[in-house]
Amino acid sequence: MRVILVNKFHYMRGGSETYYLGLAEGLRRLGHEVHFFAMQDPKNLPCEDSDLFVSAKDYNGPTSITRKVGEARSLVYSRESLKKFERLCERVRPDVVHMNLVHRQITLSILDAPYLMEHRVPVFFTSHDYILVCPNYLMLDSSGAVCEACLGGNFGNCLRRKCVKGSTSKSAMAMVEANWYKRHRTYSKIDCIITPSEFMRDKLIQGGFPERQVVHMQNFAKDEVLERARNTDDQTDWKHPYILFFGRLSKEKGVDVLVNAFERALPQMPEDMRLVIAGDGPEREALETRSSDRVRFVGFKQGDELEKLISGATLVCCPSVWRENMPYSIVEALAEGTPVVGSRIGGIPEAVIEDETGWLAEPGDVESLAMAIVKVAKLAQDSAAYHALQQRCRDYVLVRCDQSIYMNQLIGLYEELISEKGDARG
């Protein structure tokens with residue numbers, strides 16, 4: 001079959017792109033034809049469809065309310081995207097369209113492409129955040145507290161609370177976008193919404209989405225990740241032990257909580273234990289200023305460098321204070337046989353299982369996180385117990401994250417909806 005994958009970024013940027021590009025690889029391996037629709041960017045991977053990519057847009061920079069009001073229309077409905085996507089559909093004649101990150105830069109205007117309606121093409125959407133029920137997409141208010149005020153559809157709460165970066169103009173734009181999609185019943189044009197965590201599925205249903213529209217499918221691991229999970233060698237750095245965080249250094253990731261928890265836990269850990277933080281972001285400077293010499297910042301890492309850091313760590317921390325969906329960072333750590341300490345929030349507990357793949361701590365709670373870190377550090381001193389824990393981590397990935405199983409299930413969903421919509425057309 002012919003599939004168009006839609007994502008605003010066509011280069012490796014984060015978890016959603018790991019999924020988007022991995023999906024393309026899996027579909028092509030099964031013999032399907034894959035095309036892309038994304039935003040123009042010098043960092044984009046080579047693509048035969050790039051002539052129809054939409055103009056780059058950035059709504060994150062500082063700007064005035066007046067300018068934001070002027071931009072509001074293109075934020076919720078892009079005629080450029082609609083026109084170019086229709087041309088791509090006429091060129092490709094897709095059997096399925098599968099969207100990922102599309103809001104604001106691409107917009108859901110593409111759902112009005114005449115080709116999709118005329119040929120009743122099934123549309124899928126993998127939900128990587130909470131944008132469908134929360135204008136801020138993180139389910140956090142301006143203070144960083146977990147917030148469900150908009151879950152019932154009253155999106156004015158976003159503006160009143162200035163949930164988007166504490167900005168009136170950005171929050172107003174997000175509110176306008178959410179109200180537009182609600183008023184025009186835009187999401188009803190999506191045939192199937194895939195959520196990587198059960199937690200997210202429950203939240204979408206609480207937010208008014210029909211149960212039949214929302215399907216839970218946990219994120220898959222690519223073949224090279226599965227191959228690492230099959231390797232039973234212990235590559236932990238025992239001579240220079242360290243705890244690892246890798247990811248974006250932003251407030252919702254809870255790295256400040258981790259730094260404090262690590263300092264609190266130090267008296268109960270090996271004398272040479274360190275905390276290694278791999279990543280970059282707006283919080284880096286503040287974090288470096290407040291951290292002791294036992295905390296090492298190594299910057300953004302990827303590829304072999306990151307893989308070596310993960311496999312050598314005694315444990316990986318995922319201290320998020322927002323309702324993470326199903327972080328790829330956890331899957332990558334478990335595949336290396338590295339246990340995870342994570343926050344008891346969002347989809348994290350679905351992968352970080354007490355005494356099986358790691359331990360949980362209360363989000364934002366320094367003492368709780370310190371206790372969980374100490375648990376793993378003490379367990380690591382018993383080599384037999386630690387190696388058994390490592391194997392349980394690998395087994396989790398091999399059993400729950402197999403790409404071939406995921407792809408077969410997805411193709412089944414594709415075929416089911418193609419048949420249903422074809423019967424309705426006939």
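Student: Is Arg344 buried, partly exposed or exposed?

Tutor: Before answering, keep in mind that this is a predicted model. A residue counts as buried under 20% relative accessible area and as exposed over 50%, with partly exposed in between. Arg344 has a relative accessibility of 38%, and therefore counts as partly exposed. Arg344 sits in the loop that connects strand S11 (340-343) with strand S12 (358-361).

Student: Which residues is Arg344 in contact with, leaving aside its neighbours within four places in sequence?

Tutor: With those neighbours set aside, Arg344 is in contact with Pro349, Glu354, Leu360, Ala361, Glu362 and Pro363. As for Ile243, which is 101 residues from Arg344 in sequence, the two C-alpha atoms are 19 Å apart in space.

Student: Where does Ile110 lie, and is Ile110 buried or exposed?

Tutor: Ile110 is found in the loop between S3 and H4, and because its relative accessibility is 1%, Ile110 counts as buried. Beyond the residues up to four places away in sequence, Ile110 touches Val6, Phe37, Ser81, Leu82, Phe85, Met99 and Leu116. Glu86 is 24 residues from Ile110 along the chain, and their C-alpha atoms are separated by 7.6 Å.

Student: Ser81, Leu82 and Phe85 are touched by Ile110. Which residues of H3 are buried?

Tutor: The buried residues of H3 are Ser81, Leu82, Lys84, Phe85, Glu86, Leu88, Cys89 and Val92. They pack against strand S1 (2-6), strand S2 (33-37), strand S3 (96-99) and helix H4 (114-119).

Student: How many residues does helix H3 have, and what should they span?

Tutor: One compares an expected span with the distance between the end C-alpha atoms. Helix H3 (residues 79-92) has 14 residues, which at 1.5 Å a residue should span 20 Å, and because its end C-alpha atoms are 20 Å apart, the two values agree. After H3 comes Arg93, with a positive phi near 55 degrees.

Student: How many residues does the largest nonpolar core have, and which of them have the most contacts inside it?

Tutor: The general idea is that, in soluble globular proteins, nonpolar side chains tend to be buried together. Here the largest nonpolar core has 64 residues, and those with the most contacts inside it are Ile243, Leu244, Met269, Ile277, Ile373 and Val397. Helix H13 (residues 366-379) gives the largest share of this core, with eight residues. Apart from this core lies another, of 49 residues, among them Phe9, Val102, Tyr130 and Leu140.

Student: Which residues does Ile277 touch, not counting those up to four places away in sequence?

Tutor: Ile277 touches Phe245, Leu249, Val255, Val259, Val295, Arg296, Phe297, Val298 and Gly299. Val255 and Val259 are among the buried residues of H9, which also include Asp256, Val257, Leu258, Ala261, Phe262 and Ala265. Helix H9 (residues 255-265) is mostly covered, with eight of its eleven residues buried. The buried residues of H9 pack against strand S7 (242-246), strand S8 (274-278), helix H10 (284-290), strand S9 (295-297), strand S10 (315-318) and H13.

Student: How much space lies in the second largest pocket?

Tutor: The second largest pocket holds about 550 Å³ of space. It is lined by 25 residues, of which Tyr187, Ser188, Gly207, Gly208 and Phe209 are the closest to its centre. The lining of this pocket divides into 13 nonpolar, seven polar and five charged residues.

Technical notes. Residues are numbered from 1 along each chain as its sequence is written. This is a predicted model: local features need pLDDT of at least 70, side-chain atom pairs count only at pLDDT 80 or more; totals for chains, interfaces and linings use all residues. Side-chain values use heavy atoms; hydrogens and water are left out. A nonpolar core is a set of buried Ala, Val, Leu, Ile, Met, Phe, Trp, Tyr and Cys residues joined through side-chain atoms within 4.5 Å. Buried means under 20% relative accessible area, exposed over 50%, partly exposed in between (1.4 Å probe, protein chains only). Helices (H or I, at least four residues) and strands (E, at least two) are DSSP runs, numbered from the N terminus. Contact means heavy atoms within 4.5 Å. The expected span of a helix is 1.5 Å times one less than its number of residues. On a 1 Å grid over the protein atoms alone, a cavity is a set of points where a 1.4 Å probe fits but cannot get out, and a pocket is an open set with protein on both sides within 12 Å along at least five of seven lines; lining residues have an atom within 4 Å of a point. Grid points are joined across faces, edges and corners, and a volume is the space filled by probe spheres set on the points. Ala, Val, Leu, Ile, Met, Phe, Trp, Tyr, Cys and Pro count as nonpolar, Asp, Glu, Lys and Arg as charged, and the others, Gly among them, as polar.
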